[in-house]
Amino acid sequence: LRGEISNARHLTDKTFIQKKFNETNGTLTGEERKQVLAQLMQAVRDDPRFEHYPTPSHVIDGLIDFVNLEKGQYVLEPSAGEGYIADAIRARFGKTVQIKCVEFDRDLALVLRLKGYDVYHGKFEDYARFHAKTGKKRFDAVVMNPPFSGGLDRAHVTLAYADMLKAGGRLAAITSANSIDGGEAEAYEFKDFIEQNGDYRL
């Protein structure tokens, strides 16, 4: 975390953090971790360049209920943001399930690491290629709220289902209504894909 904290564009009190790293030989105490996390999360939310769309808790509960997680399972949250979905899974299951987060934004990836999650910092497409290349096991469940712009919700759901989910696994995702109900060919194809492999609600 040392290098990530020093490079975080939203973190204003880096001197304090670097001093603490030196004093603790690179390890933050629980209280120091909380201080850095709170400061970073607030700064990210206050940044006008950052689109902050946290998933509502009642929606998260529905997603988690749908994938029917069990103890010992391996779950993926792509485009994890601040980790609201991962937080809800951990609150319900503790450490009995293993959570993998993927996040492109550097500071949000740091937020997730400060929360104690296993994080891949980069694009979801890159993680999927890395995951396939290294032969890592597929996930029992994928729970996701992907970005909507440019059809990325369709692309990420399709990629997660095809390349990341094990046979018999379950995927729950939030997408834009237009991704399914739009008039373009991609919407019709995505709607057919979902109807062949599951269900959707508008």
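This is a predicted model: local features need pLDDT of at least 70, side-chain atom pairs count only at pLDDT 80 or more; totals for chains, interfaces and linings use all residues.
I started with the rings and got six aromatic pairs in the structure.

**Tyr 120 and Phe 130.** I looked at this pair next: the ring centres are 5.8 Å apart and the planes sit at 25°, so I logged the pair as stacked, the cut-off for that being under 30 degrees. The pair ties together distant parts of the chain, with Tyr 120 in strand 3 (residues 118–121) and Phe 130 in helix 7 (residues 124–133), 10 residues apart.

**Phe 130 and Tyr 127.** Here I found the centres 6.3 Å apart and the planes at 40°, so this one goes down as tilted. Both residues belong to helix 7, three residues apart, about one turn of the helix. Buried or exposed, I wondered about Tyr 127? At 1% relative accessibility, Tyr 127 counts as buried, while Phe 130 comes out at 35% and so is partly exposed. I put Tyr 120, Tyr 127 and Phe 130 down as one aromatic cluster.

**Charges over rings.** I have two entries here. Lys 115 lies over the face of Tyr 84, 5.7 Å from the ring centre. Arg 170 has its charged end over the ring of Phe 66, 4.2 Å from the centre.

**Ala 172.** Phe 66 turned up again when I checked the contacts of Ala 172: leaving out residues up to four places away in sequence, Ala 172 touches Leu 63, Phe 66, Val 67, Val 142, Val 143 and Met 144. Ala 172 is part of strand 5 (residues 165–173), and I have it as buried because its relative accessibility is 5%. I also took the C-alpha to C-alpha distance from Ala 172 to Tyr 200: 9.6 Å in space, for 28 residues in sequence.

Terms used:
Residues are numbered from 1 along each chain as its sequence is written. Side-chain values use heavy atoms; hydrogens and water are left out. Helices (H or I, at least four residues) and strands (E, at least two) are DSSP runs, numbered from the N terminus. Buried means under 20% relative accessible area, exposed over 50%, partly exposed in between (1.4 Å probe, protein chains only). Contact means heavy atoms within 4.5 Å. Rings of Phe, Tyr and Trp (its six-membered ring) pair if their centres lie within 6.5 Å; planes under 30 degrees apart count as stacked, over 60 as edge-to-face and the rest as tilted. A charge sits over a ring if NZ of Lys or CZ of Arg is within 6 Å of the ring centre and within 35 degrees of the ring normal.
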